[in-house]
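Please consult the sequence and the three-dimensional view shown here.

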Amino acid sequence: YEKEKIVALCQKLGILNKIQGIVTRGNLIDWYEQALRGKYGKILGIDLLQNLREEFNNEFPYSKLFDIFYMRERSYDGIQKSSSLFWLDD
């Protein structure tokens, strides 16, 4: 459904021949699922999550100040941490 809408719009704009491919939300969900839980999970999952953390920190540099709010002001550090790879400390 998403792909058809994008293709129709690109045809109207006359740019369809410049598009190499269309990635839909469903594609991303499938790819992340394979990377994190599929047979490549151990190989790709850790790198993928590390890259996401780095990109987040680059995009939101003030996120490091969140610890002050999180621990000192709200005491959320007392909540038990998840065993998910995403929450591993750097």
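## Basis of the description

This is a predicted model, in which local features need pLDDT of at least 70 and side-chain atom pairs count only at pLDDT 80 or more, while totals for chains, interfaces and linings use all residues. Residues are numbered from 1 along each chain as its sequence is written, and side-chain values use heavy atoms, with hydrogens and water left out.

## Overall make-up

The protein contains four helices and zero strands, and its elements follow the order α-α-α-α from the N terminus. Helices (H or I, at least four residues) and strands (E, at least two) are DSSP runs, numbered from the N terminus.

Of the 90 residues in the protein, 9% are buried; buried means under 20% relative accessible area, exposed over 50%, and partly exposed in between (1.4 Å probe, protein chains only). The accessible surface amounts to about 8,400 Å², and carbon and sulfur atoms hold 57% of that surface. These areas come from the Shrake-Rupley method with a 1.4 Å probe; for residues, only the protein chains shown count as cover.

Among contacts with a separation of 6 or more, 24% join residues 24 or more positions apart. A contact means heavy atoms within 4.5 Å.

Helix α1 covers residues 2-13, and its twelve residues should span 16 Å at 1.5 Å a residue; the end C-alpha atoms are 17 Å apart, which agrees. The expected span is 1.5 Å times one less than the number of residues. Just after α1, Gly-14 adopts a positive phi of about 75°.

Thr-24 belongs to the loop between α1 and α2 (25-37). Thr-24 counts as buried because its relative accessible area is 14%. Apart from neighbours within four places in sequence, Thr-24 contacts Glu-2 and Lys-3.

## A nonpolar surface patch

Val-23, Leu-28, Trp-31, Tyr-32, Leu-36, Leu-52, Phe-86 and Trp-87 form a nonpolar surface patch of about 760 Å². Patch residues have over 30% relative accessible area and no salt bridge, and nonpolar side chains (Val, Leu, Ile, Met, Phe, Trp, Tyr) are joined within 5 Å. A salt bridge is a side-chain nitrogen of Lys or Arg within 4 Å of a carboxyl oxygen of Asp or Glu.

With four residues, α2 gives the most to the nonpolar patch. Leu-28 lies in helix α2 and is partly exposed, at 38% relative accessible area. Leu-52 is in helix α3 (residues 41-59) and is partly exposed at 36%. Leu-52 and Phe-86 are 34 residues apart along the chain, and their C-alpha atoms are separated by 9.0 Å.

Notes:
Patches are made of residues with over 30% relative accessible area and no salt bridge: like charges are joined within 9 Å, nonpolar side chains (Val, Leu, Ile, Met, Phe, Trp, Tyr) within 5 Å.
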